[in-house]
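Subject: Structure handover

Hi there,

Here is the structure I promised to pass on to you. Please have a look at it first, and then read on for what turned up.

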Amino acid sequence: MIEIGELLKPDEDEDIIDARNAYVAPGFIDMHVHLREPGNPEKETIASGCAAAVAGGFTAVAAMPNTHPALDTPDLVRWVREIAERTGLARVYPVAAITHGREGREPTDYRALADAGAVAFSDDGNTIESAIAQTSAALRAREPGRAFITHCENAAIKEQNEFDPSVETSAVERDIAIARATALPWHIAHVSTQGAIESIAAAKELHIACTAEVTPHHLAFSREEAAGLGIPTKVHPPLRSVEDVDALRRAVRSGTIDAFASDHAPHADDVSPGFSGLEIAAGAYAYALPDLPVRRYVSMLSSNPARILGVPGGTLAAGSPADVTIFADRDWLVDPAAFHSKGKRTLFAGKRLPRRAIATIVGGTVVMQDGRVFARSAP
Ligand SMILES: [Zn+2]
């Protein structure tokens, strides 16, 4: 940002975006997306994922490491950043694996991964089963000071009943105990149960450095509601009860949950778990929480993810990167065929959403306006 204020005079060669009846916010950051490269370009590429991101109003995304191979070496982390840079759309912040191959055993080289540009560590998709392995990884990861992002599902309970809420709740409780013991900033991915929220609220009271995110699908639909949509509903963690959905919404309002994150999980088939999320997210959060104050909505999408990941952005102050999202309360119909993402499955297909991004600006360049996506020129 060069200047911010009222009654600024534009230079002759400057473009003007009409933002009347719209909100001008610091760029939205989606801290949980799956871009599928390397390994599965038929599901998504970094380029198609970044086009989906800016179309949805996101100036930056954090890319999860459950690619093939997993993002567990500095070279792979650098490769993701280079492809993203060349694509010239959203900023991409790689999240590196906690363990080699995300197998839950051998810790990766946290210092080298952080130096290569990893903003956080996660074995997302998997939960490190051994508490000893998790604790020793967290102790080592403390040195470069990056956040730990954990996917909390207890495999033993899940094997008995995948819908049992204690699959998640017990794993969250364990991780909070480790976060407390290791004093590492700890982030819990896609919280979905009332029990997990109660644990996180209690941890915050004790000033444990623990934060949490929630997805649009867990906020908008109970399992019963989603079953009537005629769309495959399989996702990890699974959709929950009406009581859980209510608890998630309350936790967003109270601040127990810190961030919105889409868990954008594009697939090329109809059976793999997860949904395409980047292009519905901004509208879906407003759909699930129509009464959420706009300031809180923006902090959940921008300043809080920036703070948790320790990345630039989250502010419109002069001198900060000119990453800006302009959004408006305008009704629109979700048509997955029009997605830039290769993943077309969403529970919001055919729904009218009350809000959408109308322009996305990354580093001072307009990369999306009124649904059209333009690449920045390659550096
Ligand atoms: Zn996950």
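One definition before we start: the expected span of a helix is 1.5 Å times one less than its number of residues. Please also keep in mind that this is a predicted model.

With that in hand, take helix α7, which runs over residues 194-205 and so has 12 residues by the numbering of DSSP runs. From its first C-alpha to its last, α7 reaches 17 Å, close to the 16 Å expected.

Which residues of α7 are buried? They are A196, I197, S199, I200 and A203. Seen down the axis of α7, these buried residues fall within an arc of 160°, so they line one face of the helix. The face turned away from that buried side carries E198 and E205, which are exposed.

As for the neighbours, the buried residues of α7 pack against two helices, α6 (166-182) and α10 (242-254), and against two strands, β7 (186-188) and β8 (210-214). Just after α7 comes H207, with a positive phi of about 60°.

Now for the spaces inside.

Conventions. Residues are numbered from 1 along each chain as its sequence is written. This is a predicted model: local features need pLDDT of at least 70, side-chain atom pairs count only at pLDDT 80 or more; totals for chains, interfaces and linings use all residues. Side-chain values use heavy atoms; hydrogens and water are left out. Helices (H or I, at least four residues) and strands (E, at least two) are DSSP runs, numbered from the N terminus. Buried means under 20% relative accessible area, exposed over 50%, partly exposed in between (1.4 Å probe, protein chains only). The arc is that of the directions from the helix axis to the C-beta atoms. Contact means heavy atoms within 4.5 Å.
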